[in-house]
Amino acid sequence: MESTKIIDIAANTLNNKKAKDLNVLRVEALTSLSEYFVIATALSSTHVHSLADEVEEKLKMQGLEPDHIEGRTTGWIILDYGSVIVHIFTPDRREFYNLDRMWADGIKLDLDKILIEKQGD
């Protein structure tokens, strides 16, 4: 699956499930880890898990499984889809690790071009 499709599904799922401070960064020129980071804040540790589960389920419905999942017992879950890594944080973990600042040299994608209005469940 193309990176842009993974980003579309992940970002829209996170947005529809009330994630906060959504950010998508193109980091391929800065690291060999991935092409893109999708970064979001959840309202609580329970919300972190529900967001991660929902993103994983939506991508699984498209035939894509994560290469790796990290942090199921912490306030920061990472869903690694190779070309796209989804980071979901509690507010305190996001502030502490501050990936947005660490990867500030990445290219921030325009969410207005990614997010679509929720059509209902």
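In this predicted model, Arg93 is placed over the face of Phe96, 5.1 Å from the centre of the ring. Phe96 also belongs to an aromatic cluster, together with Trp76, Phe89 and Tyr97. Across the whole structure, a search finds 4 aromatic pairs and 6 salt bridges. The largest nonpolar core contains 27 residues. The points below treat the aromatic groups, the nonpolar cores and the salt bridges in turn.

**Aromatic groups**

- The search of the whole structure gives 4 aromatic pairs, and the pair of Phe37 and Trp103 is edge-to-face because the ring planes stand at 90 degrees, with the centres 5.2 Å apart.
- Phe37 belongs to strand S2, while Trp103 sits in the loop between helix H4 (99-102) and strand S6 (107-108), so this pair ties together parts that are 66 residues apart in sequence.
- Both Phe37 and Trp103 are buried.
- The rings of Trp76 and Tyr97 form a tilted pair, because their planes are at 45 degrees; their centres are 4.6 Å apart.
- Trp76 is in strand S4 and Tyr97 in helix H3 (residues 91-97), so the pair ties together parts that are 21 residues apart in sequence.
- Trp76 counts as buried because its relative accessibility is 18%, whereas Tyr97 is partly exposed, with a relative accessible area of 32%.

**Nonpolar cores**

- Within the largest nonpolar core, of 27 residues, those with the most contacts are Leu14, Val38, Val86 and Ile88.
- Two or more residues of this core come from each of helix H1 (3-16), strand S1 (20-26), strand S2 (36-41), helix H2 (45-61), strand S4 (76-80) and strand S5 (84-89).
- Helix H1 makes the greatest contribution to this core, giving 6 residues.
- Leaving aside residues up to four places away in sequence, Leu14 touches Ala19, Leu22, Val38, Ala40, Leu51, Val55, Val86 and Ile88.
- There is also a second, separate core of 10 residues, which includes Val27, Ile39, Ile78 and Leu99.

- Side chains of opposite charge can pair when their charged atoms come close.
- Arg72 forms a salt bridge with Asp53, and the closest N and O atoms of the two are 3.1 Å apart.
- Glu56 is buried, because its relative accessible area is 14%.
- Through shared partners, salt bridges join Asp53, Glu56 and Arg72 into one network.

- Glu54 and Lys58 are 4 residues apart in helix H2, so about one helical turn separates them.
- Glu54 counts as partly exposed at 23% relative accessibility, and Lys58 is partly exposed with a relative accessible area of 32%.

Key: Residues numbered from 1 in each chain as written. Predicted model: local features only at pLDDT ≥ 70, side-chain atom pairs only at ≥ 80, totals over all residues. Heavy atoms only, no water. Core = buried A, V, L, I, M, F, W, Y, C linked by side-chain atoms within 4.5 Å. Buried < 20%, exposed > 50% of the residue type's maximum accessible area, 1.4 Å probe, protein only. Contact = heavy atoms within 4.5 Å. Salt bridge = Lys/Arg side-chain N within 4 Å of Asp/Glu carboxyl O. Phe/Tyr/Trp six-rings, centres within 6.5 Å; stacked < 30°, edge-to-face > 60°. Lys NZ or Arg CZ within 6 Å of the ring centre and 35° of its normal.
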